Amino acid sequence: MGELLVALDSFKGSLGAMQATAALARGLRRHHSKPAVREHPVADGGEGTVSAAVAAGFTPVSLSAAGPLGEPLTARYAHRDGVAVVELAETSGLAALPEAAPTPATAAAASTHGTGQVIAAALDAGHHTVVVGLGGSATTDGGTGLLTGLGALLLDADGRELPGRTSALGAIGSIDLSGLHPRLAGPDRAEVIVACDVDNPLLGLDGAAAVYGPQKGADGSTVTALEEAMSRWAPILEQATGVAAAAMPGAGAAGGAGFALLALGARMVPGIDLVLRLTGLHARLPRAGLVLTGEGSLDLQSLRGKAPMGVASAARTAGVPTVAVAGRSVLTTSELTAAGFTGAFTLTELEPDLERCVADAERLLERLGEHIARHLLD
C-alpha cells in the first residue's frame, strides 16, 4: 500500500484541523510504522484556512487588527510566491467574539473592519493575489467594515463620518471610495479571489440576514432590522462602484462581505477547490494508497461542498480510496458511498456521549487512529 494521507478539517468546538490531523496520524503511526503517514490538514475557506496554508509551506505574518466588536486582537495572513491567504474568521469570526456566545446585540454590532485591515496589510506587502476565505463570520454588516478597513469612508445622511470598527450599517447615507487602497484599482491592481462555498444573494429570503443572521445570534426583530438596513445599503455601494453585485451568487456570504468584495471586482470561486490547490493536495495523491478525511460532524451540510467532500472528490479522480473520519456521522451508508467514501469511522464508536467526544477529541482521535490501523492494515 502507498502512503496514508491524513487530511482532516477542524473538529469545531474541539480541535483545529492541524491538531485533529496530527492526533489521528499519531494513532495510525502508533500501530503501524509502515506505510508512511503524511499529514495534510485542510479547510474550505472558513476557520483554519490560514493554518492549512501554513502547514503546506506558506509563511505566516502576524499583525494587530480589530476584532468583530472593535477590540484589538492579533490576526494572521499567510503568503508564498506573491499569493496571500486571508481568513475572515481570524478577525471577524464567531470564535473571535469576546463573549461566550453570539447575541442579538453582537449580531447587530459585529464588523468586518479587521478583515479589511488584514487585506490592506497583504496589499501593502506587494502580493499580486489575495485570497479571502469567507467562512465562519460573526458579522452581518454588508461588508461595510471591510471597506473602511481598506480605506473607504462611510458617511451618514448629513455627511458625517461613521465608524467602521463596529457596524454602522443602519446609519449609512453614502460612501466615499476616494481613499480606497490604491492596489484595488489601476495598473498595479492586485487580484482578489474570494473562497466561498455558498451561493446566497445579499437580500431576501435566501439572503445574508434571513439565512445566516440567526446563526450569529440575531432574533426575529434583529433579522428584520438587518434586512431593512442591507436593502438601503446595497444601492449605495452599487452606485459608487457601478457593479450590480447584490443579486450575484455569494453576495450574501459572511453577512454580505461577499457583496462588498464582488462590488470591488473580486472573483468568487469554490472554497475547498481553491484551498486544496493552494496547499498542494493533488500533488500528494499519486503517492497515496489511502486518504483519511473528515470533520467534527458529517451531515447533510457536509455534502454541500465542505472540505471532506472536496478531498474525497479529488482522491476519487486520482483513483485513491477514501475513508471518512468524524466525531459523529448522521449520513447513511448510501450517502457516504455516493460522496466517494469506502468506509467511515467516528469518535462515537469509542465514546457514545457527544459532550465527552467534544471535550476529549484529541485522545479519542489517537485511539481511533489505532483502531483504523488495526481494522484496515492488519
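Thr49 sits in helix α2, which covers residues 49–55. In this predicted model, Thr49 comes out at 4% relative accessibility, so it counts as buried, the cut-off being under 20%. Who are its neighbours? Leaving aside residues up to four places away in sequence, Thr49 touches Ala43, Asp44, Val85, Glu87 and Val275.

Now to the sheet. Five strands form an open sheet in the order β2-β1-β12-β14-β16, paired in parallel. The edges belong to β2 (37–39) and β16 (343–346); each has a single partner strand, so one side of each is left without a neighbour in the sheet. On average, neighbouring strands here are turned by 25° against each other, direction ignored.

Leu4, for instance, has Leu290 in β12 as its bridge partner.

Helices pack on this sheet too:

| Helix | Strands involved | Angle |
|---|---|---|
| α12 (residues 307–317) | touches β1, β12 and β14 (322–326) | about 165° with β12 |
| α15 (residues 361–377) | lies across β1, β12, β14 and β16 | about 150° to β16 |

Last, the aromatics. The count comes to one aromatic pair. The ring centres of Trp233 and Phe259 are 6.4 Å apart and their planes meet at 85°, so this pair is edge-to-face. Trp233 belongs to helix α8 (residues 220–241) and Phe259 to helix α9 (residues 257–263), so the pair ties together parts that are 26 residues apart in sequence. Both Trp233 and Phe259 are buried.

Definitions and conventions
Residues numbered from 1 in each chain as written. Predicted model: local features only at pLDDT ≥ 70, side-chain atom pairs only at ≥ 80, totals over all residues. Heavy atoms only, no water. Helix = DSSP H or I, 4+ residues; strand = E, 2+ residues; numbered from the N terminus. Buried < 20%, exposed > 50% of the residue type's maximum accessible area, 1.4 Å probe, protein only. Contact = heavy atoms within 4.5 Å. Phe/Tyr/Trp six-rings, centres within 6.5 Å; stacked < 30°, edge-to-face > 60°. Pairing = 2+ DSSP bridges. Axes fitted to C-alpha atoms, helices over the stretch in contact; angles between N-to-C directions.
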